[in-house]
Amino acid sequence: MKTTGFERKADSAKLPYWEKVKDSNQNSTPMFRQYLEIKKAYPGTMLFFRLGDFYELFAEDAIVGSRELQITLTARQKDSPNPIPMCGVPHHAASSYIAKLVNKGYRVAICEQAEAAGKGVKLVKREVVRVITPGTAVDDRTTPSGETVYLCAVSCEKESVGAAFLELSTGELSATQSAGPGAWQNIRDHIDSFQPKEILVSDAEEKVVCRELGLNGHAEKPLFDGRAPAPVKPFIVTPVDHLKFGLGDCVRLLKKQFRVQELSGYGLDFRDEAVRSAGACLAYVHQTQKAAADHVSEIKYFETNDFLVLDSTTVDNLDLVDRPQRKGRSLCDILSETVTPMGARLLKSWLLRPSVKRSEIETRLAAVTELTDPILRSSVRLYLKKISDIERLTGKLNLGSMTPRDLSSLASSLEQIPNLNDTLADVSSLLLQVLNENIFGLPEIRELIRTALSNEPSNTPGDGNVIRQGFDIELDELRNITNSTKQTIAAFEGKERERTGIATLKVRFNNVFGYYIEVSKAQLSRAPESYERRQTLANAERFTTPELKEWEQKVRTAEDRITQIEIELFQRLLETVCAETNKLVCTARAIATLDVLASFAESAAKNNYVVPQLHDGDEIEIKSGRHPIVESAIDGEFVPNDIYLNNSTDRMMIVTGANMGGKSTILRQVALIQIMAQIGSFVPANKARLPIVDRIWTRVGASDDLASGRSTFMVEMTETATILRNATPRSLIL
């Protein structure tokens, strides 16, 4: 079966029924043959095929869809020897059904009508407008506003391994490369940090990547084997055509995407695997989303030592962020006083990848210190609360999925920018000044949207209530025609009653016959000969006249033209706003940073945190330190404790005591205070002098991996050996 390069490969041995359906329906209807051709181009996907007001699924798609979505399974051609299973969902409610499938690991292809049905059109043209996958899902139903969804690509060549991470809804693209014996471990650490939903690999490198990532050959979740998918990792691996990882094509694609002549400005010289991975991510997005994704306007190259490394074991042991398999509060919950979805996502990103640059951290701390002023902080947060998710709205704008209500929400958010700029006009910290300079109000765009859009626009262009009255002369005139329908009909009805003398004559409308004149059987003899009969009922006759038909055609033409004009005007409006993508992206990221800094200041004020003192030495000195999560969970007062460590006289502390005596609490407390300091937050202590650490290792509590034949002791020894092999003089080991 020929594929287009990115579709998950299907095992033909598992699909005998699907092959039989194709063979037995060579002489089936033109519509179903059209379906088969489209399905053939997108194997391995659940094809949502638009038929009128429904999306229909057929054959194996219908069987799986019925099971996963709990909807009724029926059949097409029920009386034939091989009836075709089918099921469907209403198009207006499809988003929720698609979200369920994508969250379970399926890939969904959306097939829409590409032309309007009309006279002489026997088969409406249809085409796939988008393929939604776990790593490219940007719908609010699929992805909660405060969560990130990363698409990852991994490539390898000899001892070099590259990885790229793309958050499609926000346009954030990062890439890295590692070489040598520890290369795969570094990539695994990055995957743990970004937590992607989908990983792309070349079909030529699939076995190697799956082995090194520890997938044990379970890279691909079967779609049609009769079982519900059961991933062995919180992501799926999608093999794609190895040509999509070609270095030359990837270089050209990245240059075109970023509109540059060279990639050296992004630090990608001699980093071929990073380039290949990033190019594969972008190519996959272009093909599945059918869009240029211009909001992906830059790439950030990073090295392993560019941030504090936290593996998945450490993240879980320290309860840094919420995980599906863990209950209870996390450090992210404690610090999250953010009021925008953008800020919530950035806070989680900072927690999983704390900074190791002292200047950057201290710049953040200075901003947080200034925001501890309650008047400044409350003013900033007041305006931030009124700002929508500009980051994701910009993503929708560039992916072609923005609705009129989305655009109205963007305008409302931009209206808060002047107030925010004024509030930050006199700040003294460098970071707050820079953020203020990068928050753009775009007054021309804001005014254009408000002038063009209705106050409460419908969610679909062409519904008749998107463009504001007075914005377009032709549109206003056509609306006047349709709005005067009732008056015109009433006047026509009165005129006909007077002319014919039939007092009970009525003018009505239905979707089958349009407008008609209804005369009862008792008054039928009075009907003029000029009336044209349309329908006979038991107690009445229905007629039309040349005048009524002419007027009806005028109304229907006006309605069609209104729809066309609204769609055209809205599209032109989107194009104008899209031209400001770079400023919108810049504004969104600045607002997210401001929100996180204000959140740190708010949590510091509520929880009595202090500013940490950073230095270039190796001393950890904490006076009256407290565990932030435990402190928030208990009713009484947390008993503080002191910690002192260095790399010479006090390199190690051994904490002993009874079970439940607080030993692991102290261990985790030190790490949490260190992490809080390195993301730029105040810390729970009376005083904290801290160095910059490059990695935190944890071996806390008993655990086993019996499914892999590893006892608790074996797990402990393996983790200890990993720490001893990879720790540096600037690592913190717990």
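Biologist: What is the relative accessible area of Arg 589?

Modeller: Arg 589 has 23%, so it counts as partly exposed. The scale is relative accessible area with a 1.4 Å probe and protein chains only: buried is under 20%, exposed is over 50%, and partly exposed lies in between. This is a predicted model, where local features need pLDDT of at least 70 and side-chain atom pairs count only at pLDDT 80 or more, while totals for chains, interfaces and linings use all residues. Residues are numbered from 1 along each chain as its sequence is written, and side-chain values use heavy atoms, with hydrogens and water left out.

Biologist: Which side chain meets Arg 589 in a salt bridge?

Modeller: Glu 298, at 3.2 Å from N to O. A salt bridge here is a side-chain nitrogen of Lys or Arg within 4 Å of a carboxyl oxygen of Asp or Glu. The two residues are 291 apart: Glu 298 sits in the loop between helix H8 (272-289) and strand S12 (300-301), and Arg 589 in helix H22 (residues 581-607). Helices (H or I, at least four residues) and strands (E, at least two) are DSSP runs, numbered from the N terminus. Glu 298 is partly exposed too, at 30%.

Biologist: How many salt bridges does the structure hold?

Modeller: 39. One of them joins Arg 50 and Glu 112, with the closest N and O atoms 3.0 Å apart. Arg 50 is in strand S1 (residues 46-51) and Glu 112 in strand S5 (residues 108-113), so this pair ties together parts 62 residues apart in sequence.

Biologist: Are Arg 50 and Glu 112 buried or exposed?

Modeller: Both are buried. In another pair, Glu 541 and Arg 533 come to 2.6 Å; Glu 541 is buried at 4%, but Arg 533 is exposed at 52%.

Biologist: Which buried Glu has no salt bridge?

Modeller: Glu 56, in strand S2 (residues 54-58). The nearest side chain of opposite charge, Arg 76, is 8.2 Å away. For charge, Lys and Arg count as positive and Asp and Glu as negative; His and the chain ends are not counted.

Biologist: What does Glu 56 touch, then?

Modeller: Leaving out residues up to four places away in sequence, its contacts (heavy atoms within 4.5 Å) include Leu 47, Phe 49, Met 86 and Cys 87.

Biologist: How far is the sulfur of Cys 250 from the closest cysteine sulfur?

Modeller: 9.7 Å, to Cys 281, which is too far for a bond. Cys 250 is buried, at 1%.

Definitions and conventions:
Disulfide = S-S within 2.5 Å.
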